[in-house]
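Dear colleague,

I am passing on the structure we spoke about, with my notes on what turned up in it. Please read the notes with the coordinates open beside them.

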Amino acid sequence: MPASVSILTPLVTAAPGGSGVAQVMLRNTGTVVDQFAVNLVGDASAWARPVPPALSLFPGAEGTIEIHFSPPRSSAVVAGNVPYGVRVTCQEDPEFSVVEEGEVQISGFSSVQAKIVPRTSEGKRKAVHRLELTNTGNAAVTAELSASDPDELLAFNIEPSTLSVEPGATGIARVKVAARKGQKGRGSRRMPFNVVVEPGGPPVNVDGNFEQKPKASILLFLAIVVLVAVLVFLLKDQAGALPL
C-alpha cells in the first residue's frame, strides 16, 4: 500500500452559514516520492473542500491536509450528523484508492415564513382564510397558532391550532373568521385581524382583513316582493285583454 490515511478529527461541528475544519494525516509508505490527491465523497462533499487538494511526500514522510466544511444556512442541510468520506489516490500507482470516513455535526437553526391567503376576504358574517407556514430552517418546528382583532369584533377558529412542519416543507391551517354582529348599514365594514405564529422562537405576526358586507334590509326585500307581484298582475291583465 503506497500510503496510510487517518482522519485526526473524526467528528467536526459546523453551524449552518459557518465553518468547521477536520485534519487528515497522510503518510507515504512507499519507496519513492509520490503525490497524493484528496477528493471528498458523500453528502457533505457539496460544501466541503480539501486544503491543499494534493500533497507530495518523500518515502516515510507524513503530511496534513485540512478539510474545510462550509454548510449553507438552508433547510436543505438538515440538523444532525452528516457522514463524509476522504478518498486518497496516488500518482505512482493509478489503481490505488483508499477511503476514510468521518462525520460533520450540523447544528440546528430555526426560521419560518408565514402568509395569509387570501389577505382580505368578504362575506356577510363569516369567511375562511388559509395560513401557510413554511419551515425555512433545518430542524423540525412545532408552532402554536392564535388570532385576535383589535376591536374584538371577530371570533376565530383555527384548525389545527398546532402545526408541525419538517425542514423545507409547508404546513397549512384553516383560519375561520366570523363577525360577532351583522352589518346593518349600506356600506361594507373592513375589520383587520392578526394571526400569531409561535414556533418556539421569536413569534411571527401575519395580518389579514375581513370585509363584512351589509345584510339586505327587510324593506328592500318587501319592495322586491311587491314589484314581482305587480309584474305578475300586469302580465295576467295584459293576457286577458288580448282579442280572441
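Five bridges join strand β1 (residues 3-7) to β3, and the two run antiparallel; strands here are DSSP runs of E of at least two residues, numbered from the N terminus, and two of them pair if DSSP finds at least two bridges between them. Ser 4 stands opposite Arg 27 in β3. Eight bridges join β3 to strand β7 (residues 62-69), again antiparallel, with Gly 63 in β7 as the bridge partner of Leu 26.

This is a predicted model, in which local features need pLDDT of at least 70 and side-chain atom pairs count only at pLDDT 80 or more, while totals for chains, interfaces and linings use all residues. Residues are numbered from 1 along each chain as its sequence is written, and side-chain values use heavy atoms, leaving out hydrogens and water.

Asn 209 lies in strand β18 (residues 204-212) and counts as buried because its relative accessibility is 15%. A polar contact of 3.4 Å joins its side chain to that of Thr 120, the term meaning a pair of N or O atoms within 3.5 Å, where within protein one must be able to donate a hydrogen and the other to accept it, and residues adjacent in sequence count only if both atoms are side-chain atoms.

Best regards

Terms used
Helices (H or I, at least four residues) and strands (E, at least two) are DSSP runs, numbered from the N terminus. Buried means under 20% relative accessible area, exposed over 50%, partly exposed in between (1.4 Å probe, protein chains only).
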